[in-house]
Amino acid sequence: MVGAMWKVIVSLVLLMPGPCDGLFRSLYRSVSMPPKGDSGQPLFLTPYIEAGKIQKGRELSLVGPFPGLNMKSYAGFLTVNKTYNSNLFFWFFPAQIQPEDAPVVLWLQGGPGGSSMFGLFVEHGPYVVTSNMTLRDRDFPWTTTLSMLYIDNPVGTGFSFTDDTHGYAVNEDDVARDLYSALIQFFQIFPEYKNNDFYVTGEVLIYNGQLDIIVAAALTERSLMGMDWKGSQEYKKAEKKVWKIFKSDSEVAGYIRQAGDFHQVIIRGGGHILPYDQPLRAFDMINRFIYGKGWDPYVG
């Protein structure tokens with residue numbers, strides 16, 4: 001049932017017409033300052049978990065609707081180190097379609113130290129911030145078919161903070177410990193999602209925009225060819241395949257090389273901020289990978 005519904009939903013979404021903002025340079029155009037106002041007090045959810053008041057904490061974490069936009073989401077802080085009052089900020093968007101079954105996808109921005117709010121507002125979240133600091137709906141948001149969990153990670157990134165310099169991560173073990181603590185608490189607040197498939201974005205999927213000059217696709221491919229890793233021999237023998245979204249498409253979406261569960265994807269027409277440059281192709285890519293639908297074009 002889920003598979004059939006997924007195919008119908010994705011086909012409908014992929015067929016929706018809609019303009020795209022398009023160019024990387026427009027990310028950095030100047031914008032006016034947002035209106036000042038009282039943003040309220042930060043919501044720390046750990047005390048509600050520890051006191052057994054999970055439902056109350058969950059209700060408080062519900063983000064009020066933005067004018068003209070109807071999207072349920074939850075946000076707040078999870079304390080990961082009480083000694084230093086270290087807290088990770090999250091913003092969670094249940095999938096718009098069948099959230100009870102949709103995989104939960106954790107999005108961690110690059111860097112390390114890049115705020116995941118960049119991924120939310122610039123790459124694939126449901127909202128786009130316009131030049132006058134208002135919001136509009138995004139075309140092809142990943143939140144359509146996936147429950148997206150954006151976390152500012154590690155401590156000190158974005159809205160995540162600590163009261164003491166000793167609360168910052170100094171190695172990967174610190175990063176992993178804090179993030180693990182946050183995830184345990186997250187699923188205590190939202191237990192209905194704990195049995196859903198869970199993905200840490202990018203952990204088994206490598207993708208490049210073909211026009212990326214920061215992490216060039218050709219260099220990624222050469223590194224994969226030169227490294228000795230579990231699937232290296234199968235990868236070297238794998239044929240690079242052409243990927244189209246629909247059979248009727250005149251343009252190629254990209255190229256795929258697959259070795260078992262490892263997928264290397266090169267997306268045509270995309271740069272370093274791929275979901276911004278090619279939102280439809282990025283949306284199709286992540287759904288094909290997570291739902292295991294293969295790379296054959298859809299009929300349409």
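Two residues are in contact when heavy atoms of theirs lie within 4.5 Å. Keep in mind that this is a predicted model, where local features need pLDDT of at least 70 and side-chain atom pairs count only at pLDDT 80 or more, while totals for chains, interfaces and linings use all residues. Residues are numbered from 1 along each chain as its sequence is written, and side-chain values use heavy atoms, with hydrogens and water left out.

View 1. Helices (H or I, at least four residues) and strands (E, at least two) are DSSP runs, numbered from the N terminus. Of the 300 residues, 46% are buried. Buried means under 20% relative accessible area, exposed means over 50%, and partly exposed is in between (1.4 Å probe, protein chains only). Take the contacts between residues at least 6 apart in sequence: 66% of them join residues at least 24 apart.

**View 2. Gly 158, in the loop between strand E6 (147–151) and helix H5 (172–189).** Is Gly 158 buried or exposed? With a relative accessible area of 51%, Gly 158 is exposed. Skip its neighbours within four places in sequence, and Gly 158 is in contact with Ser 115 and Asp 152. Look for Gly 113 too: Gly 113 and Gly 158 are 45 residues apart in sequence, yet 7.9 Å apart in space, C-alpha to C-alpha.

**View 3. Helix H4 (residues 116–124), largely enclosed by the rest of the structure.** Why is H4 described that way? Because seven of its nine residues are buried. Those are Ser 116, Met 117, Gly 119, Leu 120, Val 122, Glu 123 and His 124. Their cover includes strands E2 (86–93), E3 (104–107), E4 (127–129) and E6, plus helix H8 (274–277). At the start of H4, a side-chain oxygen of Ser 115 comes to within 3.1 Å of the backbone nitrogen of Met 117.

**View 4. Aromatic pairs, 26 of them by the rule used here.** Rings of Phe, Tyr and Trp (its six-membered ring) pair if their centres lie within 6.5 Å; planes under 30 degrees apart count as stacked, over 60 as edge-to-face and the rest as tilted. Phe 187 and Phe 198 have ring centres 5.8 Å apart and planes at 75°, so this pair is edge-to-face. Phe 187 sits in helix H5 and Phe 198 in strand E7 (residues 198–200), so the pair ties together parts 11 residues apart in sequence. Phe 187 counts as buried at 19% relative accessibility, whereas Phe 198 is partly exposed at 33%. Tyr 199 and Phe 289 make another edge-to-face pair, with 6.2 Å from centre to centre and 70° between the planes. This one links distant parts of the chain, with Tyr 199 in strand E7 and Phe 289 in helix H9 (residues 279–291), 90 residues apart. Phe 289 is buried, at 12% relative accessible area, and Tyr 199 is partly exposed, at 21%.

**View 5. A cluster of rings that includes Phe 187 and Phe 198.** Ring pairs also bring Tyr 74, Phe 90, Phe 92, Phe 186, Phe 190 and Tyr 193 into this cluster.

Definitions and conventions: A polar contact is a pair of N or O atoms within 3.5 Å; within protein, one must be able to donate a hydrogen and the other to accept it, and residues adjacent in sequence count only if both atoms are side-chain atoms.
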